[in-house]
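Subject: Structure handover

Hello,

Here is the structure I promised to pass on. Please open it first; my notes follow below.

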Amino acid sequence: MRSMFCWHTCATIYKQKKDFTEAAKCFQNALRIESDNLTIMREAASLQVQVRDLGNHTASRYNILKQKPNMIQNWVAFAISHHLVYLF
């Protein structure tokens with residue numbers, strides 16, 4: 001599949017079936033096609049916490065922060081992601 005929408009839809013289906021690992025893979029493929037889509041970045045970051053992929057979660061939160069540094073929620077999410085990495 002070469003469409004970001006197809007990968008996003010596939011990830012949403014996996015997410016509804018509670019197969020978070022496959023959903024995270026689909027979101028990563030969607031991000032390879034369209035790397036600056038904030039919605040997909042946020043959804044991928046939330047799934048990375050679900051599957052405890054905390055290193056990539058921190059990287060995702062950093063990319064979101066780089067795109068929207070003026071939003072306080074992005075700073076808080078980035079700080080929490082760092083805290084989770086050091087906690088576990």
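Residues 24 or more positions apart make up 39% of the protein's contacts with a separation of 6 or more; a contact means heavy atoms within 4.5 Å.

Some ground rules. This is a predicted model, where local features need pLDDT of at least 70, side-chain atom pairs count only at pLDDT 80 or more, and totals for chains, interfaces and linings use all residues. Residues are numbered from 1 along each chain as its sequence is written, and side-chain values use heavy atoms, leaving out hydrogens and water.

The overall fold: the protein has five helices and zero strands. The C-alpha trace spans about 35 × 25 × 15 Å along its principal axes. Of the 88 residues, 34% count as buried. Buried means under 20% relative accessible area, exposed over 50%, partly exposed in between (1.4 Å probe, protein chains only).

Now two residues.

Q48 sits in helix α3 (residues 38-50). Q48 counts as buried because its relative accessibility is 3%. Leaving aside residues up to four places away in sequence, Q48 touches Q28, D53, N56, H57 and S60.

I80 belongs to helix α5 (residues 72-87). Its relative accessible area is 46%, so I80 is partly exposed.

Best regards

Conventions. Helix = DSSP H or I, 4+ residues; strand = E, 2+ residues; numbered from the N terminus.
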